[in-house]
Amino acid sequence: MTMQLKLKNLHMTGIRGISRRWLGKAALAICSGWIFSAAAADVNTTGLAVTDKEVTVGILHSVTGTMAISETGSVQAEKLAIKQINAMGGVLGRQIKFIQEDGASDWPTFAEKSKKLLVNDKVAAVFGCWTSASRKAVLPIFEQYNGMLYYPTFYEGLEQSPNVIYTGQEATQQILAGIDWVVKEKGAKTFYLLGSDYIWPRTSNKIARKHIEKLGLKVVGEEYYPLGHTQFNSVINKIKLTKPDVIYAIVVGGSNVAFYKQLKAAGISLPKEKPLLLTISVTEDEILGIGGENIEGAYAAMKYFQSLDNPNNKAFVEAFKAEYGDNIVIGDVTQAAYLGPWLWKAAVEKAGSFDIDKVRAASPGIELTTAPEGYVKVHENHHLWSKTRIGLALKNGQYKVVHETEELMEPDPFPKGYQ
Amino acid sequence: MSMPNQSSMENSALVENPLSQHGLKALFPKHDIIYLAILAVFLGILLPMTLDIFRLNLVGKYLTYAFVAVGLVLCWGYGGILSLGQGVFFGLGGYCMAMFLKLEASDPESTKIQSTPGIPDFMDWNQITELPWFWEPFYSLPFALIAILVVPTIFAYIIAVAMFKRRVGGVYFAIITQAIASILTILIIGQQGYTGGVNGITDLRTLLGWDIRTDSAKYILYYVNFILLMLCLLAAQFVRKSKLGRLLVAMRGREDRVRFSGYDVSSFKIFVFCLGAAFSAIGGAMFTLQVGFMSPSFVGIVPSIEMVIFCAVGGRLSIFGAVYGTLLVNWAKTTFSESFPELWLFAMGALFIGVVMAFPNGLAGIYKSHIEPLFSRKPKMFEKKPSTPKPASAPEPVSAEPPSIPGSISAMGK
Amino acid sequence: MFADYTSAELLSIFAMQGFAGLILFSVFVLMALGLAIIFGQMGVINMAHGEFMILGAYVTYLISNLFSTYLPSLFGIYFFVAMIISFFAAGALGALVEWSFIRFLYQRPLDTLLATWGLSLILQQIYRSVFGAREVGVTLPDWLMGSVPLTETIEVPINGLFVMGLTIAIAIAVYLLMYKSRWGCQVRAVVQNRPMAAAVGINTAKIDRITFALGCGIAGVAGSAFTMIGSTGPTAGQLYIVDTFLVVVFGGAASLLGTIASAFTISQAQSTMEFFLSGSMAKVLTLLTVVIILMIRPQGLFAMKVRK
């Protein structure tokens, strides 16, 4: 009876995409809870914070400081996923309890807090980090204390840690498909690369440049501005001077707002596609700040858009809105963050244990048919196979999906010939 | 911004307690010896005994900021020079240490997947194919250790000479040091091929083959840190008790009078600023060793100002207070942000305002005016001008010198 | 790099680049004017200046929402209403802050720095709690968007023109207030010699409060204007603070004319260098030059002779 109620609840909260197999498993987990509770020592041989009823995980994002803008969505998504998993009976019959820590947009704080989560709280997994810098700061700690981090952001690649599952795309997945598409569909010949001045835009532009040059096309300019820069008139003039077919923009944070507003004010109308603008850094989250009318007509290449038309995503968006209000928007990273707890749950259940080493061994090959983005699969290199989509920014702040790669893109964090 | 009523107050203070009355006192009057001993027991015995290694490592990290705070007590509390760029020196010291450790971590064996093995990973990501010339010397530990002290000090010297010789001080100095912090941050982030950019220099493992990440290494590093801090406190105490310390206080009150007395004011300021920079640099290097990486987030304005608040909470005139203040603020930060991350900024903001308004001399001031009299057998004559905590009646941060130096001179006349 | 272009193209590019410099100049002046009054005239280092600007930006955001919901027909003019309300909102907050703690700290400029830094942290967190951590987008009326084509190749952004116009208007208003009004006369008297000013019957406490409020109010208007070109988020204010202080100090703290001259110099230098170098290096070089000049000439471009 209770079980039926629970299942009914699930439908109410809108998780219709959950496969039958999973529901079955959940039911099994609930019914046989006592079996698992008897076996607490078996599923946890390394002293993690796992009791007969609960398993503790960590959430580590910035809720204060400059990065709180971006990381809020990820926290919400991770909490939602945990809530849904708990409603289905948890993981191996145990409810997930989370400890949330604030990285405060400060990399050493991230390191400190990750250490606290691993050493003090003995969490079974950590969902968190956003910027590359914060990930780099915590990485040695995860490797030293053998923790498991689910990292949601699309990033520059060049990394493959046994202690991290990268649920966002690495650079080549995002970049190659986007450039191929503008070349093929829009006949682009010349590119202007623009970015904020740090490692992700620089590495991404490096890959983009190599790819563009391999295709025999031309990069007419490459430019970087400090994080937080708000005056882009000079670079806009340079763009007007060099007349590229495509502006390839990887501007992040508050600079985005300034850049798109000034672009529009300078008379470069994006819907005219002269030049066309392709970005890999603006999700629906950022458009909230930029304003749909300022970025209307730009294209973005990433793996998820809120407007994706599939049953999984509809259920996800519905559940997300039910939880956080109707005005909420969901960006690529938010969705990737949502995958984290689910991937972890799947790996734990496949391994039949919370032990980090067993979870790691079980992770490659894990499939998620219920992912809002469609279907994902964990690669040997701990990144996800995923499709890349091209979205056209609309005035209402949403993207219209105009293209989707046929095949899943293979993650390749150390791309040969692009370094 | 002249303040006649203020200066008349100062005049009377100077007349009552002319500087010349004091010769060189013993380095440690009785009180200070006790304070130092208490601090040594607290940090060296009590904390290591009661805390597990994770918490102790945190304390070790906080204590690296205490180096900066002690330096600030000398510069700001005594010299009246408020630097908002101490993070620059902390960062430079930390980067010098990190460069050495990174080179050691980047031996050709462990970096063989790179296109150019043997150079730090971030250089490889930025298509740099050989080690830049200024990295070369950092293969040598002695060079790195010397650089930790010398590079920031020279940098501080250049800034200080340029500023103090032209009698730039106070507010202008604060703003210019802030600008320098901002320039250096942009530069470090922008030149990521050489500096690691916004990520900083990460994944540092060993020091001459000794793994700095193990628990035993953390204990040892904690004690190294502790001993260095004690040495810095001794050095600071020496400066404080020497003629230089009293001249600094005099300059803070009335710079022109000191100058008229024939002293070269600027060279004292330059010295104390360089000393503060050197302290910060040691802190930075110890930070790198204990935390295992260095990033530009320490060089910027925000951490630099936070370090000032550590000093202000402890008491800008007390070198011991600065250590306690650093520990207290950071402990509060960690605790708050573990339970109420959103409240932390309110608490921090309130701390800034509260300290400035109500307790200009911080913890040390409260201690001096409220606790010390309880078990001090000294006559009341030294409590002539206690710093009252009421804002309206405390127009100036009345200097809370240890009772043995009754030179109460109002701070910051301009 | 110019070999491939015709002279007409080059001309238009230089014209537009010059205009970009002028917009930057306007932005700097808007940021710095309020601070020049607070810092230059009163000696208070207001580290929360950026947060006062963001208050203006958030007020503009609220007003735009209000207009689009209740008065969509008047949406075209909401910006003027927003600027006026921003001015008074930031000014009122400024007066409150002055009353609650700045007034106790006039003789301790370095302590005002710490206290206002604390204030800025609190304000940031308030914005974050009220408006959320995400940035908000302010919708502009249509007439402010787009650009005026002067020739076939030269286009001038309308919001740039608007910011420039606003800057000129505010600068003139401040000039008139400071140098032609009775109140300005009193302010200058208090700045030059407080006890004498008090002795001739000027209510110095009141003057201080109004001056501080005025400076904050101008910051509010600046923030309102910046919604057209920049971002509105809880921490956006911090981005401006170093630049703003440098502009004021470089100009010579007590001189309003100096502030304008220094804003012009810095903006033109930066925008020219941005064209030839990368953005990051241009910024570093500009700041470095300013710092070095300040080391050589600490009193700034225009020093006012005041007996200290």
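Analyst: Chain C holds eleven helices and two strands, where helices (H or I, at least four residues) and strands (E, at least two) are DSSP runs numbered from the N terminus. Please keep in mind that this is a predicted model, in which local features need pLDDT of at least 70, side-chain atom pairs count only at pLDDT 80 or more, and totals for chains, interfaces and linings use all residues. Residues are numbered from 1 along each chain as its sequence is written, while chains are lettered from A and ligands numbered from 1 in the order in which they are written.

For 308 residues a compact globule would come out near 19 Å, and the 20 Å of chain C agrees with that.

Inside chain C, 56% of the 308 residues are buried. Buried here means 20 or more other C-beta atoms within 10 Å of a residue's own, exposed means 12 or fewer, and partly exposed lies in between, with C-beta atoms placed from the backbone. Of the contacts in chain C between residues at least 6 apart in sequence, 77% join residues at least 24 apart; a contact needs C-beta atoms, placed from the backbone, within 7 Å.

Now for the partner of chain C. Where chains B and C meet, 46 residues of chain B contact 37 residues of chain C. On the chain B side, two or more residues come from each of α1, α6 (141–164), α7, α13 (301–314) and α15 of chain B. The largest share is that of α7(B), with 14 residues. By class, this side of chain B has 35 nonpolar, seven polar and four charged residues. The nonpolar class is Ala, Val, Leu, Ile, Met, Phe, Trp, Tyr, Cys and Pro, the charged class is Asp, Glu, Lys and Arg, and the others, Gly among them, are polar.

Chain B also touches chain A, through 26 residues of chain B and 29 of chain A. Here α3 (53–78), α7 (170–190), α14 (319–339) and α15 (341–358) of chain B each give two or more residues to the chain B side. The most come from α15(B), which gives four. This side divides into eleven nonpolar, eleven polar and four charged residues.

Chain A has 16 helices and 15 strands. Its radius of gyration is 22 Å, close to the 22 Å from the globule rule for 419 residues, so chain A is as compact as a globular protein of that length. Of those 419 residues, 63% are buried. Chain A is divided into domain 1 (2–169 + 312–319 + 332–385) and domain 2 (171–302 + 390–404), with bounds from an automatic or database domain assignment. Twelve residues of domain 1 contact eleven of domain 2.

Finally, back to chain C by way of the packing. A nonpolar core is a set of buried Ala, Val, Leu, Ile, Met, Phe, Trp, Tyr and Cys residues joined through C-beta atoms within 7 Å. The largest one has 349 residues, and A:Leu343, B:Ala69, B:Val70 and B:Val73 touch the most other members. Helix α1 (residues 7–42) of chain C gives the most to this core, with 20 residues. Each of domain 1 and domain 2 of chain A supplies at least three residues to this core.

Terms used: Two residues are in contact if their C-beta atoms, placed from the backbone, lie within 7 Å. The radius of gyration is taken over C-alpha atoms; the globule rule is 2.2 Å times the number of residues to the power 0.38.
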